[in-house]
Amino acid sequence: MPSSPNYINHVRIPENNDWVIFILIGCIFLYVFMMNIIERDASLKDFLLQKYFDASNNLPSWIITSCVITLTLSVLISQYIPVVPKHIADLQVGGYQLNKFGYTLLAVMFFYLIKSTLGYLFYQSIGDGKKWTIFYFTSTKFYFILSFLLIILCITHYYFPIDRNKMFLYYFSFFSFVFIFKVFFYLFHKNKILPEKWYYKFLYICTLQIAPLLLLWKLLFF
């Protein structure tokens, strides 16, 4: 009796990245809501160039921008983390467990919450609490622009044929440049958002910029 032939299925199942589009559309919806409702139909130019004393609803705009940054950054780097730690992966809620994106999202959320809380406490501890509101008003503009760059990178990463291993080096260089640019942006901005004394500036950069970033790197890649 002849043996049955072995058939090899050469059909490639494409990667389903619909979840990326859903998240990015949600981020764009948040910005539309922010510009139309919270910023009262402000144009992009007016929003970016507005002065602190002429602005209103700064806190909601900062929160929405932070949410978009958290989501887009998690989408972009989640595919590069080596593995979800076992003690995290073993946790189940309703039969579901965290995948790489979920774990990255939690880590980035933890990073920004800790960073923002320590930043607020830092300004309060040096007796310059009023400057905290000017700080997050100014940083909102920076992160708003950065979030659009992240959206573009997410689309390129998931929907264009690129070598993801090589792109990691480009991403690392990009974020290193962004970090250095952000430090100088904070140091020399006309709003003078950092403390005036040089040792407070040095303390802020080391403890509230570098240290949390190293903690995030350790959580994701070690």
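User: Which residue just after H5 takes a positive phi?

Analyst: In this predicted model, that's Gly127, with a phi of about 70° just after H5. At the other end of the helix, where H5 starts, a side-chain oxygen of Asn99 comes to within 3.3 Å of the backbone nitrogen of Phe101.

User: What makes that a polar contact?

Analyst: The cut-off for a pair of N or O atoms is 3.5 Å, and this oxygen is within 3.3 Å of the nitrogen.

User: How do you know what span to expect for H5?

Analyst: At 1.5 Å a residue, 38 Å is expected for the 26 residues of H5 (100–125). From first C-alpha to last, H5 reaches 37 Å, close to that value.

User: Why is the pair of Tyr80 and Tyr171 called edge-to-face?

Analyst: There are 38 aromatic pairs by the ring rule. For Tyr80 and Tyr171, the ring centres are 5.9 Å apart and the planes sit at 75°; centres within 6.5 Å make a pair, and planes over 60 degrees apart make it edge-to-face. This pair links distant parts of the chain, 91 residues apart: Tyr80 is in the loop between H3 and H4, Tyr171 in H7.

User: Why do Tyr80 and Tyr171 count as buried?

Analyst: The limit is under 20% relative accessible area. Tyr80 has 16%, so it's buried, and Tyr171 at 5% is buried too.

Technical notes. Residues are numbered from 1 along each chain as its sequence is written. This is a predicted model: local features need pLDDT of at least 70, side-chain atom pairs count only at pLDDT 80 or more; totals for chains, interfaces and linings use all residues. Side-chain values use heavy atoms; hydrogens and water are left out. Rings of Phe, Tyr and Trp (its six-membered ring) pair if their centres lie within 6.5 Å; planes under 30 degrees apart count as stacked, over 60 as edge-to-face and the rest as tilted. Helices (H or I, at least four residues) and strands (E, at least two) are DSSP runs, numbered from the N terminus. Buried means under 20% relative accessible area, exposed over 50%, partly exposed in between (1.4 Å probe, protein chains only). The expected span of a helix is 1.5 Å times one less than its number of residues. A polar contact is a pair of N or O atoms within 3.5 Å; within protein, one must be able to donate a hydrogen and the other to accept it, and residues adjacent in sequence count only if both atoms are side-chain atoms.
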